[in-house]
Amino acid sequence: MFKHILIPTDGSPLCAKAIAAGIALAKESGARITAYHVLEAVPARLYAFPYRGEEEAIAEFEQRRKDAARKHVADIARAARKQGVPLEPVVQTARTPYEGIVRAAHDLACDLILMSSHGRRGLARLTVGSVTDKVIQLSKIPVLVYR
Amino acid sequence: MFKHILIPTDGSAIAAKAVTAGIALAKQSGARITGFYAVEPVPAHLYGEGYVADKRIVAEFEKRQRASARKHVAALGREAHKAGVPFDAVVQTSRTPYEGIVAATQKKNCDLVLMASHGRRGLARLAIGSVTDKVIQLSKVPVLVYR
């Protein structure tokens, strides 16, 4: 019933569970997967006074993050290939992860977002918030949440 | 991949969308469905001064609430039956809907909760909150959220 599943990943162990489930669901549904990793913009404070001019350090930072992101999505691609599920990796820059996820789901015409939630509660949820909760509020398509 | 899907409903139009999707998913996965409606206890203010002696009103209120709940769950059951999906109905009183949903999921050994979200944002979300969000925080099994 789902044809194109977006699986956002942040490389955390929690995501692994959602990824395994996503691949199984895609196999059952005959769906393809887009594995998605958001690169947040480098924090502004890295550009501030004592670092100003350290362009090399910032470039290095960005490069390493990009490499890490590519590695994460490549891991997922390998797991999907083993199951014979078509998968396309996407690494993209966005202001915040939830904006990137919602935009990618829309741009790529996905019909399901499958992601995990850290499941913070109480104060931690109020302060740190929940990417998943934001995605649910903004998404036009169903969101399958793993814990 | 899912074997037993819990579909909570509040009888709203937005829940109906989730029901249709839930039945399609159950059919694809060969799962059975438990339709769930949480009946909230009669608000305390009905017991307040002026009403205190009138147990009949409270009893009547509860009776009608349960009747309406059964009606909504039965409608879900009819849809499932039409699609040839095994169905079970549960109407239960619980202090809040999300507690009822999480408890029923555990008790019935469901492996997925499929529900709609009204998707309130901003102030309305802070004030009224989101049953779905609470379920995600507390559920041990995945939650599939429809909008």
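## Terms and basis of the model

A residue is called buried here if 20 or more other C-beta atoms lie within 10 Å of its own, exposed if 12 or fewer do, and partly exposed in between, with C-beta atoms placed from the backbone. A nonpolar core is a set of buried Ala, Val, Leu, Ile, Met, Phe, Trp, Tyr and Cys residues joined through C-beta atoms within 7 Å.

The model is predicted, and local features need pLDDT of at least 70, side-chain atom pairs count only at pLDDT 80 or more, and totals for chains, interfaces and linings use all residues. Residues are numbered from 1 along each chain as its sequence is written, while chains are lettered from A and ligands numbered from 1 in the order in which they are written.

## The two chains

Helices (H or I, at least four residues) and strands (E, at least two) are DSSP runs, numbered from the N terminus. On that basis chain A has 5 helices and 5 strands, which run β-α-β-α-β-α-β-α-α-β from the N terminus on. Chain B likewise holds 5 helices and 5 strands, and its pattern along the sequence is β-α-β-α-β-α-β-α-α-β.

Of the 147 residues in chain A, 37% are buried, and for the 147 residues of chain B the figure is 38%. Two residues are in contact if their C-beta atoms, placed from the backbone, lie within 7 Å. Among the contacts in chain A between residues at least 6 apart in sequence, 76% link residues at least 24 apart; in chain B, 74% of the contacts between residues at least 6 apart link residues at least 24 apart.

## The nonpolar core

The largest nonpolar core has 76 residues, of which A:Ile5, A:Ile7, A:Ile113, B:Ile5 and B:Ile7 touch the most other members. At least three residues of this core come from each of domain 1 (37-93) and domain 2 (96-147) of chain B, the domain bounds being taken from an automatic or database domain assignment. In soluble globular proteins, nonpolar side chains tend to be buried together.

When residues up to four places away in sequence are left out, A:Ile7 touches A:Ala18, A:Ile19, A:Gly22, A:Ile33, A:Ala35, A:Tyr36, A:Ile76, A:Leu114 and A:Met115. In chain B, strand E1 (residues 4-8) is mostly covered, with 4 of its 5 residues buried. Two strands pair if DSSP finds at least two bridges between them, and E1(B) is joined by 5 bridges to strand E2 (residues 32-39) of chain B, the two running parallel. Within this pairing, B:Ile7 stands opposite B:Gly35 in E2(B).

## Helix H2 of chain A

Helix H2 (residues 55-83) of chain A has 29 residues and reaches 43 Å from its first C-alpha to its last, close to the 42 Å expected at 1.5 Å a residue; the expected span is 1.5 Å times one less than the number of residues in the helix. Its buried residues are A:Ala69, A:His72, A:Val73, A:Ile76 and A:Ala80, and what covers them includes strand E1 (4-8), H1, strand E2 (32-40) and strand E3 (87-94) of chain A. Just after H2(A), A:Gly84 takes a positive phi of about 75 degrees.

## Where chain A meets chain B

In the contact between the chains, 21 residues of chain A touch 21 residues of chain B. Helix H1 (13-29), helix H5 (131-138) and strand E5 (143-146) of chain A each supply at least two residues of the side that touches chain B, and H1(A) gives the most, with 5 residues. That side of chain A divides into 10 nonpolar, 6 polar and 5 charged residues, where Ala, Val, Leu, Ile, Met, Phe, Trp, Tyr, Cys and Pro count as nonpolar, Asp, Glu, Lys and Arg as charged, and the others, Gly among them, as polar.

Strand pairing also crosses between the chains: 3 bridges join E5(A) to strand E5 (residues 143-146) of chain B, and the two strands run antiparallel. The bridge partner of A:Leu144 in E5(B) is B:Leu144.

## Domains of chain B

Chain B is divided into domain 1 (37-93) and domain 2 (96-147), and 4 residues of domain 1 are in contact with 5 residues of domain 2. The side of domain 1 that touches domain 2 has 2 nonpolar, 1 polar and 1 charged residues.

Most residues other than glycine have a negative phi, and most peptide bonds are trans. A:Ala109, in the loop between helix H3 (97-107) and strand E4 (112-116) of chain A, has a positive phi near 55 degrees. A:Ala109 counts as exposed because it has 11 C-beta neighbours inside 10 Å.

B:Asn109 is found in the loop between helix H3 (97-107) and strand E4 (112-116) of chain B, and its phi is positive, near 60 degrees. With 11 C-beta neighbours inside 10 Å, B:Asn109 is therefore exposed.
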